[in-house]
Amino acid sequence: RQASCIHALCQSEADSIRSFGLENPICVIPNGVNLPPANAVQTSNKNPTEEKTLLFLGRIHPKKGLENLIQAYSMLPASIRNQWIIQIAGWDQNHQADLTRLAASCGVASRVHFPGPRFGLEKQQMFQQCDAFALPSFSEGLPMSVLEAWSYAKPSIITKACNLPEGTTHEATIQCDAELYSIKEALTSLFNLSDRDRANMGRSAQQLVIEKFTWPHVASQFAEVYHWLHGHSPPPPTVQIG
């Protein structure tokens, strides 16, 4: 209650701060990412008969919605599903065994892979080599993995809980609810896009990152807040008073 300003990653967090009863000024400033080297960004050059990869990268935890992702994938017609595999990369938080059993019971065990955690160059290679990204989460602040996927010009499926509505307005992603049939519809839409349309979506995503989510842009917003807090300027647009 004594803070001069509270930082929220997104409007949803700012609303929660207000609902909690805090009346401090709030600055809404997102996470930032560094753009990958230009030669690290590539669009898929796979031929039409080659399997494509839908990547998840993050904590393997129930809140990430991976059970619904696997079930939704298994419900797709085989003619669509068999063009894609799913890679669930990340560190297991006592959930991977459940997902493995689920994939087996849904008949897609051979098409859902768990390569484990990936960092540094290995992570970069996963973003380079995948054809699309998915985060079907129930709850997020503002997910770094989506921003990273966008920075690599990857099309994506995200839920409204990812707090990135800009992705929809910029035609940079397919947004859905975190429930089974909404995810199934989003997968159907993504998988039915042409390679060209997916590439266009990825380019829109990367341009959105350049305009709003790079560290220099985020840092400049923080600098404006600090200047205001020191009495050198009026409140910047990121600050909400009262």
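This is a guided tour of a predicted model, stop by stop.

Local features here need pLDDT of at least 70, side-chain atom pairs count only at pLDDT 80 or more, and totals for chains, interfaces and linings use all residues. Residues are numbered from 1 along each chain as its sequence is written, and side-chain values use heavy atoms, with hydrogens and water left out.

**Stop 1: the sheet**

Switch to a cartoon view. Helices (H or I, at least four residues) and strands (E, at least two) are DSSP runs, numbered from the N terminus. Select β5, β4, β3, β6, β7 and β8, in that order. These 6 strands form an open sheet with parallel pairing. Strands count as paired if DSSP finds at least two bridges between them. Look at β5 and β8 (174-176): they stand at the edges, each with a single partner strand, so one side of each has no neighbour in the sheet. From one strand to the next, the twist averages 25°. Axes are lines fitted to C-alpha atoms, for helices over the stretch in contact, and angles run from 0 to 180 degrees between N-to-C directions.

Now pick β3 and β4. They pair in parallel over 6 bridges. Phenylalanine 56 has isoleucine 88 in β4 as its bridge partner.

**Stop 2: helix α2**

Contact means heavy atoms within 4.5 Å.

How many of the residues of α2 (66-74) are buried? The count is 7 of 9, so the helix is mostly covered. Buried means under 20% relative accessible area, exposed over 50%, and partly exposed in between (1.4 Å probe, protein chains only). Colour Leu66, Asn68, Leu69, Ile70, Ala72, Tyr73 and Ser74 to see the buried residues of α2. Their cover includes β3, α3 (78-81), β4 (84-89), α4 (96-105), β5 (112-116) and α8.

**Stop 3: strand β6**

Select residues 132-135, which are strand β6. In a regular strand the side chains alternate between the two faces of the sheet. Here both faces are covered. Ala132 and Ala134 are buried on one side, Phe133 and Leu135 on the other.

Check the neighbours next. β3 (residues 52-57) runs parallel to β6, joined by 2 bridges. Leucine 55 stands opposite phenylalanine 133. β7 (residues 156-159) also pairs with β6 in the parallel sense, over 3 bridges. There, phenylalanine 133 stands opposite serine 156.

With β6 and β7, helix α6 makes a right-handed β-α-β unit. Right-handed means that, with the strands pointing away from the viewer, the path from the first strand over the helix to the second runs clockwise. Orient your view that way to trace the path.

**Stop 4: the nonpolar core**

A nonpolar core is a set of buried Ala, Val, Leu, Ile, Met, Phe, Trp, Tyr and Cys residues joined through side-chain atoms within 4.5 Å. The largest has 56 residues. Which of its residues touch the most other members? Select Leu54, Tyr73, Trp150, Leu187 and Phe191. Helix α8 (residues 180-192) gives the most to this core, with 6 residues.

Zoom in on phenylalanine 191. Leaving out residues up to four places away in sequence, Phe191 touches Leu54, Tyr73, Leu76, Ile80, Trp84 and Arg198.

**Stop 5**

Move to valine 239, in strand β9 (residues 239-240). Is valine 239 buried or exposed? It is buried, at a relative accessible area of 11%. Beyond four places in sequence, Val239 touches Pro25, Ile26, Cys27, Val225 and Trp228.

Asparagine 24 is in the loop between α1 (11-20) and β2 (26-28). At 7% relative accessibility, asparagine 24 is buried. A polar atom of its side chain lies 3.3 Å from the backbone oxygen of arginine 1. Contacts of Asn24 beyond four places in sequence include Arg1, Gln2, Ala3, Ile6, Arg18 and Gln240.

**Stop 6**

Most residues other than glycine have a negative phi. Asparagine 94 has a positive phi, near 60°. Asparagine 163 also has a phi near 60°. Select asparagine 94 in the loop between β4 and α4. Asparagine 94 is exposed, with a relative accessible area of 75%. Finish at asparagine 163, in the loop between β7 and α7 (166-169). Asparagine 163 is buried, at 16%.

Key:
Polar contact = N/O pair within 3.5 Å; in protein donor to acceptor, adjacent residues only side chain to side chain.
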